[in-house]
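This report describes selected strands, helices and single residues of one protein model. Please read it alongside the sequence and the structure.

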Amino acid sequence: FGLLAVDLALDNVDFVEANALSGMEPLYKAWNCGYKVVASAGEDAFPNFYRSYILGSNRVYVRSGAKLDYDKWTADFRAGKSFVTSGPLVLLKVNGKEPGDEIQLPAGTHTVKVDVDVKSITPVESIEVMHNGRSLGNVKTVTLDRSGWISVQVKAKYTRDPIRRPFPFAATMPVWITVGNKPVRSKADAEYFVQWIDRTLERAMQLSFNNETERNETRKLYEEARGKMMQRAAEAGQ
């Protein structure tokens, strides 16, 4: 998380690999700070490791139109019009909008409609609508009064090899919701990343550097990232 936090604050993260639901947790925190970083997924082949998952067991699916165009696919992937999965297929709509889209609402309290469609070759165990990192269960509506996001994560039943253990999963990117033109911010999650930046910097300073210039440049980089993340924390309280 420490290096992720530094790169995140400096806008150097293209995507985060999420080959399990646990891989979505840092993304949820990043989204809560307003960083529109997306997840990808993939599986290498390890022929000499009999416990490895089958090639292709983890994938990212991108909605990019009927005709495959690499540039458009890449743009839509970066925009979060996608979901990662090790089995189930999941589609999400919030007030008719899909992952990667944004809903603009005036200041006040609003209730949005959530539609989820899941297909799986093994029985579905749970469908969880995620609102700002918190699971609301398989709900059809979400009431909110501040900017944030809504996504979905799915767990399916494990049946046999070579289906991924401990369970097949899927997770969508978020539908962003802006209320009263306020940015998405979380003081707690921004401070969480700041703590990781501080801990990682402390460890980095214990390493050997070629010279003091490199050490000072590393410290400066971390301090810049810390300042940007602290700004996000401050904006959450405004």
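Strand S11 (residues 148–156) and strand S13 pair in the antiparallel sense over three bridges; helices (H or I, at least four residues) and strands (E, at least two) are DSSP runs, numbered from the N terminus, and two strands pair if DSSP finds at least two bridges between them. Within this pairing, glycine 148 stands opposite isoleucine 177 of S13. The model is predicted, so that local features need pLDDT of at least 70 and side-chain atom pairs count only at pLDDT 80 or more, while totals for chains, interfaces and linings use all residues. Residues are numbered from 1 along each chain as its sequence is written, and side-chain values use heavy atoms, with hydrogens and water left out.

S13 is mostly covered, with five of its five residues buried; buried means under 20% relative accessible area, exposed over 50%, and partly exposed in between (1.4 Å probe, protein chains only). Val175, Ile177 and Val179 point one way from S13, Trp176 and Thr178 point the other way, and all are buried.

Another sheet is open and consists of three strands in the order S5-S7-S10, with antiparallel pairing. Its edge strands are S5 (89–94) and S10, each of which pairs on one side only. The twist averages 25° from one strand to the next. The two pairings are set out below.

| Strands | Sense | Bridges | Residues opposite each other |
|---|---|---|---|
| S7 and S10 | antiparallel | four bridges | threonine 111 and threonine 143 |

In a regular strand the side chains alternate between the two faces of the sheet.

Lysine 97 lies in the loop between S5 and S6. Is this residue buried or partly exposed? Lysine 97 is partly exposed, with a relative accessible area of 37%. Leaving out residues up to four places away in sequence, lysine 97 touches Leu92, Glu102, Ile103 and Val175, where contact means heavy atoms within 4.5 Å. The C-alpha atoms of lysine 97 and alanine 39 are separated by 19 Å, and the two residues are 58 residues apart along the chain.

Serine 40 belongs to strand S2 (residues 38–40). At 13% relative accessibility, serine 40 counts as buried. Apart from neighbours within four places in sequence, its contacts are Phe15, Val16, Glu17, Ala18, Val60, Phe77 and Val84. Serine 40 and leucine 144 are 104 residues apart in sequence and 28 Å apart in space, C-alpha to C-alpha.

The helices come next. Helix H2 (residues 25–32) is mostly covered, six of its eight residues being buried. These are Pro26, Leu27, Tyr28, Ala30, Trp31 and Asn32. Glycine 34, whose phi is positive, near 90°, follows H2.

The axes of H2 and helix H4 (residues 187–204) come within 8 Å and cross at roughly 120°; axes are lines fitted to C-alpha atoms, for helices over the stretch in contact, and angles run from 0 to 180 degrees between N-to-C directions. H2 and H4 are therefore oblique to each other, since angles under 35 degrees count as roughly parallel, over 145 as roughly antiparallel, 65 to 115 as roughly perpendicular and the rest as oblique. Pro26, Lys29, Ala30 and Asn32 of H2 meet Asp189, Tyr192 and Phe193 of H4. By class, this contact has four nonpolar, one polar and two charged residues; Ala, Val, Leu, Ile, Met, Phe, Trp, Tyr, Cys and Pro count as nonpolar, Asp, Glu, Lys and Arg as charged, and the others, Gly among them, as polar.

H4 also packs with helix H5 (residues 212–236): their axes come within 8 Å and cross at roughly 165°. H4 and H5 are therefore roughly antiparallel to each other. Residues in the contact include Phe193, Val194 and Ile197 of H4 and Tyr222, Met229 and Met230 of H5. The residues of the contact of H4 with H5 divide into eleven nonpolar, one polar and six charged.
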